[in-house]
Amino acid sequence: MTAPTQSQLEFLRSIDTPTVCNLIEIVAPERRGSGYTVKHLHCPFPELPPMVGFAKTVTFKAKDAVPLAEAGYMQKRLDYLDYVAAAPQPAIMVMHDLDGEHAGFGAFWGEVQSNVHKALGALGVVTDGSIRDIPMIAPGFQMLAGSIVPSHAYVHVVDFGIDVNVVGMAVKSGDLIHADRHGAIVVPADKIDAMKAALEGLAAREAKIIAAAKAGGDVAAIKAAMKG
């Protein structure tokens, strides 16, 4: 993947995730039904702006005891931190809970992990697992999560840098992610310029329909606006 320019990243930060979805539908119609989260995720900080960064993919479990006695587990934890801190940056953690029907049993994310990951360059997390410590989360660290629970149970990283699927969004390590209170989507980096070029036309079409609707609810006028 060719690295997006600073200008392209700033463009993506200037629009919300539904608009990103709309633009991808225009420039990459084959992506209309894939590449985004398809279930509700709790967002405790809806006022935060969109986050745009590169996926750091992780799988984890919380229901079973942490394998602290296993040789190499501490090294895995240290290697994991290197992975989070490595290029490309900024990072967005995309984490799949392997506990299946018990997903969310224990929260990986809270006061400590949000501060650690923010320090290592992460903007936030998208996970089908759980979060906690909401008032103590690192300032500006965005979170989209399957649930909110009080305990971390036996939460531990299983693997990282691998393909994951979080509530319908299939993600590879390093994918470009756009996320806000609505959910998250994988952005095709080679389509960003086309998305930018399509924005004006999309906004104009939507404005025309909305104006017709607000003008008094005349069905003929609304139909005409919808036809373009």
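**Figure 1. Aromatic pairs of the predicted model.** The structure, a predicted model, contains 6 aromatic pairs, a pair being two rings of Phe, Tyr or Trp (its six-membered ring) whose centres lie within 6.5 Å, with planes under 30 degrees apart counted as stacked, over 60 as edge-to-face and the rest as tilted. Tyr 80 and Phe 108 make an edge-to-face pair, with 6.4 Å from centre to centre and 80° between the planes. This pair links distant parts of the chain, 28 residues apart: Tyr 80 belongs to helix α3 (residues 73-85) and Phe 108 to strand β3 (residues 107-109). Helices (H or I, at least four residues) and strands (E, at least two) are DSSP runs numbered from the N terminus. Tyr 80 and Phe 108 are both buried; buried denotes under 20% relative accessible area, exposed over 50%, and partly exposed in between (1.4 Å probe, protein chains only). One aromatic cluster is formed by Phe 60, Tyr 80, Tyr 83, Phe 108, Trp 109, Phe 141 and Phe 160.

Residues are numbered from 1 along each chain as its sequence is written. Local features need pLDDT of at least 70 and side-chain atom pairs count only at pLDDT 80 or more, whereas totals for chains, interfaces and linings use all residues; side-chain values use heavy atoms, with hydrogens and water left out.

**Figure 2. Lysines over aromatic rings.** Lys 56 lies over the face of Tyr 83, at 5.2 Å from the ring centre. Lys 63 is placed over the face of Phe 105, at 5.4 Å from the ring centre. A charge sits over a ring if NZ of Lys or CZ of Arg is within 6 Å of the ring centre and within 35 degrees of the ring normal.

**Figure 3. Nonpolar cores.** A nonpolar core is a set of buried Ala, Val, Leu, Ile, Met, Phe, Trp, Tyr and Cys residues joined through side-chain atoms within 4.5 Å. In the largest, of 22 residues, Tyr 80, Met 93, Met 95, Phe 108, Trp 109, Phe 141 and Met 143 touch the most other members. At least two residues of this core come from each of β1, α3, β2 (91-97), β3, β4 (122-131) and β5 (142-148). Apart from this core lies another, of 20 residues, among them Phe 11, Ile 15, Val 20 and Ala 28.

Figure 4. In α1 the buried residues are Gln 8, Leu 9, Phe 11 and Leu 12. Viewed down the axis of α1, these residues fall within an arc of 155°, so they line one face of the helix; the arc is that of the directions from the helix axis to the C-beta atoms. Their cover includes α2, β1 (51-61), β9, β10 and α5. Helix α2 (residues 17-27) has Thr 17, Thr 19, Val 20, Cys 21, Leu 23, Ile 24 and Val 27 as its buried residues. These are covered by elements including α1 (6-13), β9 (176-180), β10 (183-187) and α5 (192-214).

**Figure 5. Surroundings of Asp 163.** Asp 163 is located in the loop between β6 (156-160) and β7 (164-166). Asp 163 is exposed, with a relative accessible area of 53%. Not counting residues up to four places away in sequence, Asp 163 touches Val 171 and Lys 172, contact meaning heavy atoms within 4.5 Å. The side chains of Asp 163 and Lys 172 are joined by a polar contact of 3.0 Å. A polar contact is a pair of N or O atoms within 3.5 Å; within protein, one must be able to donate a hydrogen and the other to accept it, and residues adjacent in sequence count only if both atoms are side-chain atoms.
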